[in-house]
Amino acid sequence: MFDSANLLPELTGLISGLISILTAEVVRDLYHIAGHRWQPLQAWHTLHHKVYRPDLSVASVEMYRKAEWHNDVPEASVMVLVLAAIAFFAQAYSLGWWAGCIYSVGFLITSLGRANGYLLFTDITHKPGALDTLPANWLVNRTYHWRHHFDQGNAYYSGTFTLVDRILGTALSLKGKTIAVTGANGALGRSLLKELSKKGAKVIAISSSLPEADPEIETWTWQVGQESKWQVELAKVDILILNHGVNVLGDRSSAAILKSYEVNTFSTWRWLELFFSTITESKHKALKEVWINTSEAEVNPAFSPLYELSKRAIGDLVTLRQLDAPCVVRKLILGPFKSSLNPVGIMSANWVAWAIITLAQRDFRHIIVTINPFTYFFYPLKEITRSLYFRLFTKSDTKSENHAS
Ligand SMILES: NC(=O)c1ccc[n+]([C@@H]2O[C@H](COP(=O)([O-])OP(=O)(O)OC[C@H]3O[C@@H](n4cnc5c(N)ncnc54)[C@H](OP(=O)(O)O)[C@@H]3O)[C@@H](O)[C@H]2O)c1
């Protein structure tokens with residue numbers, strides 16, 4: 001018979017065991033951050049960074065062993081000590097608290113083995129070779145960690161779970177990145193350029209109108225249909241933000257249909273494909289991204305049928321292409337903010353831009369910024385079901401998968 005009284009201690013043990021393992025990983029990440037920011041540990045941690053070449057092969061076995069002694073062995077020792085202390089005080093509640101300590105001892109043994117030259121294979125996030133996957137979202141993989149070594153040392157600290165980077169906003173670094181924004185002369189475009197510059201990005205304004213002259217900002221002037229003219233220039237862009245859009249409101253003429261789909265759907269889709277074609281090297285999988293500003297009109301009425309139709313079409317096309325995308329693709333799902341496209345919008349473009357960047361730095365791949373509570377429920381539901389449907393009834397596009405292999 002089912003005995004819930006017997007099950008409770010086992011469940012408590014399991015949960016405390018899992019929490020203690022998560023705590024061990026948090027301790028590892030905090031030690032790692034100290035290695036970058038706390039002077040007494042910096043020299044030791046620098047040894048670890050010096051070991052690896054850009055393809056993650058080790059520069060020399062001697063350096064590798066030295067770095068293990070000075071970085072990995074102390075790191076694992078701190079994990080063991082902290083987790084043993086926690087388990088000592090918490091064992092009265094459950095012996096499961098020792099799981100994190102045993103887990104940490106495993107790392108101490110392997111790092112001692114490597115330091116002594118017995119184990120000369122490295123851990124999974126430092127395996128040498130070309131990057132063959134995109135940066136993972138919740139668990140650190142090789143591509144995620146590669147960015148810590150060769151993109152930005154003061155970000156991507158997490159070792160196994162991305163939790164600490166997500167909390168600190170270091171799961172995506174914008175510093176030094178070249179970021180191009182379409183619809184740059186619009187309300188959100190201007191706010192995004194400002195916010196990205198504050199984060200240390202080098203911004204490029206892509207505009208179909210003549211933007212206010214700003215000698216500080218590189219500007220590309222384009223018209224719908226002329227996207228391919230920018231293929232060569234696009235190669236130098238790390239992050240492309242497709243933000244241009246139009247709302248024809250109540251107009252239902254054939255010209256309004258054409259304009260809505262050309263601006264909101266097809267030009268965005270052409271930019272997206274053009275950007276994918278610039279992903280030609282292994283490191284691009286780690287560094288390049290494209291963000292697409294669709295709208296919460298993907299799931300809610302915008303009281304503008306052609307706006308909804310064209311935004312839903314690009315929303316679904318992006319969901320389809322995400323299945324084979326050669327780089328990270330983020331969707332921006334925004335609620336009403338004040339601009340010439342929506343003069344009665346409730347939020348401000350500046351606030352929306354700040355929220356987008358804040359969530360992107362926490363590696364949200366679907367960035368929802370709205371005051372409408374229904375969007376937070378209906379958008380994920382729609383996205384999961386559409387994506388599953390597309391996965392079941394379409395085949396993989398191997399050509400784009402091979403872009404950067
Ligand atoms: N405002 C809202 O409530 C809201 C809500 C959800 C999503 N959005 C989306 O957010 C994005 C930015 O909109 P916004 O609210 O900031 O409006 P906005 O101030 O009107 O900016 C939109 C910009 O898109 C570009 N654009 C318009 N027509 C174009 C055309 N025919 N060809 C090429 N570019 C064109 C223009 O920028 P350039 O002159 O620089 O080319 C324009 O300034 C749009 O995609 C919009 O759909 C807005």
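In which helix is the place of F275?

## Residue F275

F275 lies in helix α9, residues 254–276. Helices here are DSSP runs of H or I with at least four residues, strands are runs of E with at least two, and both are numbered from the N terminus. The model is predicted: local features need pLDDT of at least 70, side-chain atom pairs count only at pLDDT 80 or more, and totals for chains, interfaces and linings use all residues. Residues are numbered from 1 along each chain as its sequence is written.

F275 is buried, with 25 other C-beta atoms within 10 Å. A residue counts as buried if 20 or more other C-beta atoms lie within 10 Å of its own, as exposed if 12 or fewer do, and as partly exposed in between, with C-beta atoms placed from the backbone. Leaving aside neighbours within four places in sequence, F275 is in contact with L234, L240 and V290; contact requires C-beta atoms, placed from the backbone, within 7 Å. The C-alpha atoms of F275 and V237 are separated by 8.7 Å, and these residues are 38 apart along the chain.

## The chain as a whole

The chain has 14 helices and seven strands. Its C-alpha trace spans about 75 × 60 × 40 Å along the principal axes. Of its 405 residues, 41% count as buried. Among contacts between residues at least 6 apart in sequence, 66% join residues at least 24 apart.

## Helix α7

Helix α7 covers residues 187–198, and its 12 residues should span 16 Å at 1.5 Å a residue; the end C-alpha atoms are 17 Å apart, which agrees. The expected span is 1.5 Å times one less than the number of residues.

Nine of the 12 residues of α7 are buried, so α7 is largely enclosed by the rest of the structure. The buried residues are A187, L188, G189, R190, S191, L192, L193, E195 and L196. They pack against β1 (178–182), β2 (202–207), β4 (239–242) and α12 (349–360). Just after α7, G200 takes a positive phi of about 90°.

## Packing of α7 with α12

The axes of α7 and α12 come within 8 Å and cross at roughly 50°. Axes are lines fitted to C-alpha atoms, for helices over the stretch in contact, and angles run from 0 to 180 degrees between N-to-C directions. The two helices α7 and α12 are therefore oblique to each other; angles under 35 degrees count as roughly parallel, over 145 as roughly antiparallel, 65 to 115 as roughly perpendicular and the rest as oblique.

The crossing of α7 with α12 is right-handed. A crossing is right-handed if the near helix is turned clockwise from the far one by less than a right angle, and left-handed if anticlockwise. From α7, A187, L188, S191, L192, E195 and L196 meet A349, N350, V352, A353, W354 and I357 of α12. The residues of this contact divide into nine nonpolar, two polar and one charged. Ala, Val, Leu, Ile, Met, Phe, Trp, Tyr, Cys and Pro count as nonpolar, Asp, Glu, Lys and Arg as charged, and the others, Gly among them, as polar.

## Packing of α2 with α3

Helices α2 (residues 39–51) and α3 (residues 61–90) have axes that come within 8 Å and cross at roughly 135°. They are therefore oblique to each other, and their crossing is left-handed.

## Helix α5

Helix α5 (residues 142–150) is mostly covered, with seven of its nine residues buried. The buried residues of α5 pack against α10 (284–287).

Definitions and conventions. Two residues are in contact if their C-beta atoms, placed from the backbone, lie within 7 Å.
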